[in-house]
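Here is a short report on backbone geometry and charged pairs. Please look at the sequence and the structure first.

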Amino acid sequence: MSAAALFRRHFAACPLVAVLRGITPDEAVAVGSALVEAGFSIIEVPLNSPQPLDSIARLAARIGDRALVGAGTVLTPGEVAAVAEVGGRLIVSPNSDPAVIAASVAAGLVSLPGYFTATEAFAALAAGAHGLKLFPAEGASPAYLKAQRAVLPRDVAVLAVGGITPEVMPMWRDAGADGFGLGSNLYRTGKPVAEVARDAARFVAAVRAAR
């Protein structure tokens, strides 16, 4: 299956990306499994987490058949290669670096770079990005995204990332957000698995209600 088709399949199942910043390898499988049970199908481990490649490898081995697993905060082509080597299939960045996007596409991985301006968005798409994340969304507004959606291709998935709660999802969906990336409001270092599962269920219910 192509990277584009893989992304479409998982994104259609649940348009939420779980950002597990700070997770450790020993926590990863329990948290990842709880997220999948709650309905999530896209999970990223930022590379500024402890031993991130180990966490990604464990998640890919345990839930890779049910979820698109990969890395966040990917800043170089070398990091793309390292993620691919441990079984990651998703590359998420905070910026729109054409070299990182091109390396991801060449490796057959899903590329989901961050952008803030329309110029960055179109540059990312020209480099081959499969979707876009508006980041940081709390520095923008639904009105800002709505203006961008007037010119961005309709078939390109745009996720709002940063400061997202279940309560604000409807206004972002109305403005044109196709999905969301969820960080500390879903997971933070040391948060009990049961609490992650509870909050994951709330986010899944909210995004389904906002469709």
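## Positive phi in two loops

T73 is found in the loop between strand 3 (68–72) and helix 4 (77–85). The model is predicted, and in it T73 has a positive phi of about 55° although it is not a glycine. T73 counts as buried because its relative accessibility is 18%, and the cut-off for buried is under 20%.

Q51 also has a positive phi without being a glycine; its value is near 45°. This residue sits in the loop between strand 2 (42–46) and helix 3 (52–63). Is Q51 buried or exposed? Q51 is exposed, as its relative accessible area is 56%.

## A cis peptide bond

Which peptide bond is cis, with omega near -5°? The bond from F135 to P136 is. P136 belongs to the loop that runs between strand 7 (131–134) and helix 7 (142–149).

N95 lies in the loop between strand 4 (90–92) and helix 5 (98–106). With a relative accessibility of 32%, N95 counts as partly exposed.

What does N95 touch, leaving aside its neighbours within four places in sequence? N95 is in contact with V74, L75, P113 and G114. Take L75 from that list. N95 and L75 are 20 residues apart in sequence, and their C-alpha atoms are 8.0 Å apart in space.

## Salt bridges across the chain

Side chains of opposite charge can pair when their charged atoms come close. How many salt bridges does a search of the whole structure find? The search finds nine.

One of them joins R66 and E37, with 3.3 Å between the closest N and O atoms. The pair links distant parts of the chain, 29 residues apart. R66 is in the loop between helix 3 and strand 3, while E37 is in helix 2 (residues 25–38). R66 counts as partly exposed, at 37% relative accessibility. E37 counts as exposed, at 64%.

D178 and R154 form another salt bridge through their side chains, at 2.7 Å from N to O. D178 lies in the loop between helix 8 (169–175) and strand 9 (179–182), and R154 in the loop between helix 7 and strand 8 (157–161), so the pair ties together parts that are 24 residues apart in sequence.

## A pair within helix 9

R202 and D199 also meet in a salt bridge, 3.7 Å from N to O. Why are R202 and D199 separated by about one helical turn? The reason is that they are three residues apart in helix 9 (residues 193–209).

D199 is buried, with a relative accessible area of 7%. R202 counts as partly exposed, at 39% relative accessibility.

This pair is part of a network of salt bridges. The network links E167, K191, R198, D199 and R202.

Definitions and conventions: Residues are numbered from 1 along each chain as its sequence is written. This is a predicted model: local features need pLDDT of at least 70, side-chain atom pairs count only at pLDDT 80 or more; totals for chains, interfaces and linings use all residues. Side-chain values use heavy atoms; hydrogens and water are left out. Helices (H or I, at least four residues) and strands (E, at least two) are DSSP runs, numbered from the N terminus. Buried means under 20% relative accessible area, exposed over 50%, partly exposed in between (1.4 Å probe, protein chains only). Contact means heavy atoms within 4.5 Å. A salt bridge is a side-chain nitrogen of Lys or Arg within 4 Å of a carboxyl oxygen of Asp or Glu.
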